[in-house]
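Trainee: Could you take me through one part of this protein slowly? I would like a close look at a single residue and its surroundings, please.

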Amino acid sequence: VPIHGRLFFQWMHFAFPLECPYPFPSDTVRPQSETQFKKQTGHEAYYSAEEMKDMLQADSSPALPHLNCDEDADECLAMWTPEEELVQHRKVAAAPKHGGVEEM
């Protein structure tokens with residue numbers, strides 16, 4: 001597995017999920033700035049503290065059982081995709097800036 005490939009980054013995500021983002025295949029997701037998201041959807045990019053509190057209160061489902069990957073490897077690898085591609089610098093459109101500060 002090339003260390004500059006998507007599969008290596010995918011393994012790193014599974015080993016360190018909080019530190020390494022999931023490496024989606026090229027052209028499957030389109031990152032946006034807060035300004036771009038608000039312009040396209042009309043919504044804020046973040047939930048307010050009150051909205052988060054309401055969601056936590058509405059979620060009364062019981063906690064999921066701990067997943068034992070030694071017993072059920074298929075469940076652990078559910079997000080694993082075997083698509084390899086070498087990492088290259090991808091062009092991402094910069095957010096428009098006005099006077100050095102983005103509009104909110």
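Mentor: Happy to! Let's settle on H13, which counts as buried because its relative accessibility is 14%, under the 20% cut-off. Keep in mind that this is a predicted model.

Where does H13 sit? H13 belongs to helix α1, which covers residues 6–15. Once neighbours within four places in sequence are left aside, the contacts of H13 are C20, P21, Y22 and P23.

A pair of aromatic rings is described by the distance of the centres and the angle of the planes. F24 itself counts as partly exposed, since its relative accessibility is 40%, which falls between the 20% and 50% limits.

Across the whole structure, a search finds three aromatic pairs. There is also one aromatic cluster, made up of F8, F9 and W11.

Finally, a word on confidence. The protein has an average pLDDT of 78, and 78% of the residues score at least 70. Among its elements, helix α2 (residues 34–41) has the highest mean pLDDT, 91, while helix α4 (residues 73–76) has the lowest, 73.

Technical notes. Residues numbered from 1 in each chain as written. Predicted model: local features only at pLDDT ≥ 70, side-chain atom pairs only at ≥ 80, totals over all residues. Heavy atoms only, no water. Phe/Tyr/Trp six-rings, centres within 6.5 Å; stacked < 30°, edge-to-face > 60°. Buried < 20%, exposed > 50% of the residue type's maximum accessible area, 1.4 Å probe, protein only. Helix = DSSP H or I, 4+ residues; strand = E, 2+ residues; numbered from the N terminus. Contact = heavy atoms within 4.5 Å. pLDDT = per-residue confidence, 0-100.
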